[in-house]
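Morning, everyone. I will take you through one model today, starting with its open spaces and ending with its helix packing. Please have the viewer open.

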Amino acid sequence: MSLPEILGLVLAAAAAGAINAVAGGGTLVTFPTLLAFGTPPIIANATSTLALVIGTVGSVFGYRQRLEVVKPWLWRFVPVSIVGGWIGSWLLTHTSDRTFSKLVPFLILFATVLFLAQGAFRRFAGLDQRGEPRARHHAIAGAVAFQFGVAIYGGYFGAGIGILMLASLGFVGLTNIHEMNALKTVLGSLINFVAAVWFVCAGLIHWPKAGVMTVGALAGYFIGSHYAQRIPQARVRQIVTAVGFLISAVTFYEEFLK
């Protein structure tokens, strides 16, 4: 790899890590960067997934003080995240991604609108506002089913799964954006870990590029998770919403206008 390529991949991975730590959607930075440097699409997707999942160690460490609060939710969401991530990664290596990729802009836009309006919808639905696992059973069941779908999508491609998960978590009673980000980070890392293991076994990883990007991703995840908690919750929500609309616009352009 040339020096410009190394620097480009490191910077892209660092930016993606920071974006993922705060909102999600970092794949839309790393994936196009890898393509720009001549990496085949499926190899680029697999390599990006591996680099970012290793980088989540920095984000989990940054949110370590928030993990105790969200532990009661893990047993509900971890199993479906693992199974869904495996199904999605299997689909990537066995089917064409063209049809599914056309759904991506709509999924991200829908999730961003949900996240933006979750407070009003939560009040309308009468859900618990204290962030404890006491939301109505149908809301929790719906969120678990939604997380399963997110995990399948995450194993398949993964751009914007943070936005999707934050939208879902808001409807089960979680209100603290930093705690939601902590839970989102753990679940996202599990989805990507399962997918990364599958991609490694399938021989889809470009190891030199993955190694370079991991360095940037570790730094980006840690910096993003650390400083996001110093920003007022309202500001972080604005960032999440902005990132969601931006990702949606980019994917609409790539799929339907380019």
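**Pockets, a cavity and helix packing**

I start with the lining of the largest pocket: by class, its residues are 13 nonpolar, three polar and five charged. Before going further, note that this is a predicted model. The pocket itself has a volume of about 530 Å³. There are 21 lining residues, and those closest to the centre are F31, S101, F157, E254 and E255.

Which helices each supply at least two residues of that lining? They are helix 2, residues 27–36; helix 3, residues 41–62; helix 5, residues 98–116; and helix 11, residues 233–257. Helix 5 has the largest share, with five residues.

While we are at helix 11, a word on Y253, which lies in that helix. Y253 and P105 are 148 residues apart in sequence, yet their C-alpha atoms are 9.0 Å apart in space.

Next slide, the second largest pocket. Its volume is about 180 Å³. It is lined by 10 residues, and L114, F146, A167, S168 and F171 are the closest to its centre. Two or more lining residues come from each of helix 5, helix 7 at 137–156, and helix 8 at 161–170. Helix 7 gives the most here, four residues. How does this lining divide by class, and how many of its residues are charged? Eight are nonpolar, two are polar and none is charged.

Helix 8 deserves a moment of its own. How many of its 10 residues are buried? The count is 10 of 10, so for the cut-off of under 20% relative accessible area helix 8 is mostly covered. If you want to click through them, the buried residues of helix 8 include I161, L164, A167 and G170.

About 220 Å³ of space lies in the largest cavity. Its lining has 22 residues, and the closest to the centre are N20, I161, G188, N192 and Y221. The elements giving two or more residues to this lining are helix 1, residues 3–22, along with helix 3, helix 8 and helix 9. Helix 9 supplies the largest share, five residues. By class, the lining of the largest cavity has six nonpolar residues, 15 polar residues and one charged residue.

Helix 4 passes helix 7 in a right-handed crossing. In this contact there are 14 nonpolar residues, seven polar and one charged.

Last slide, the whole chain. How many helices and how many strands does the secondary structure come to? There are 11 helices and zero strands. Read along the sequence, the pattern is α-α-α-α-α-α-α-α-α-α-α. Of the 258 residues in the chain, 52% are buried.

To recap the spaces: the largest pocket is about 530 Å³, the second largest pocket about 180 Å³, and the largest cavity about 220 Å³. Helix 5 contributes to the linings of the largest pocket and the second largest pocket. Helix 8 contributes to the linings of the second largest pocket and the largest cavity. That is the end of my slides.

Key: Residues numbered from 1 in each chain as written. Predicted model: local features only at pLDDT ≥ 70, side-chain atom pairs only at ≥ 80, totals over all residues. Heavy atoms only, no water. 1 Å grid on protein atoms, 1.4 Å probe; cavity = no way out; pocket = protein on both sides within 12 Å on 5 of 7 lines; lining within 4 Å. Points joined across faces, edges and corners; volume = space filled by probe spheres on them. Nonpolar A, V, L, I, M, F, W, Y, C, P; charged D, E, K, R; others polar. Buried < 20%, exposed > 50% of the residue type's maximum accessible area, 1.4 Å probe, protein only. Left-handed = near helix turned anticlockwise from the far one by under 90°.
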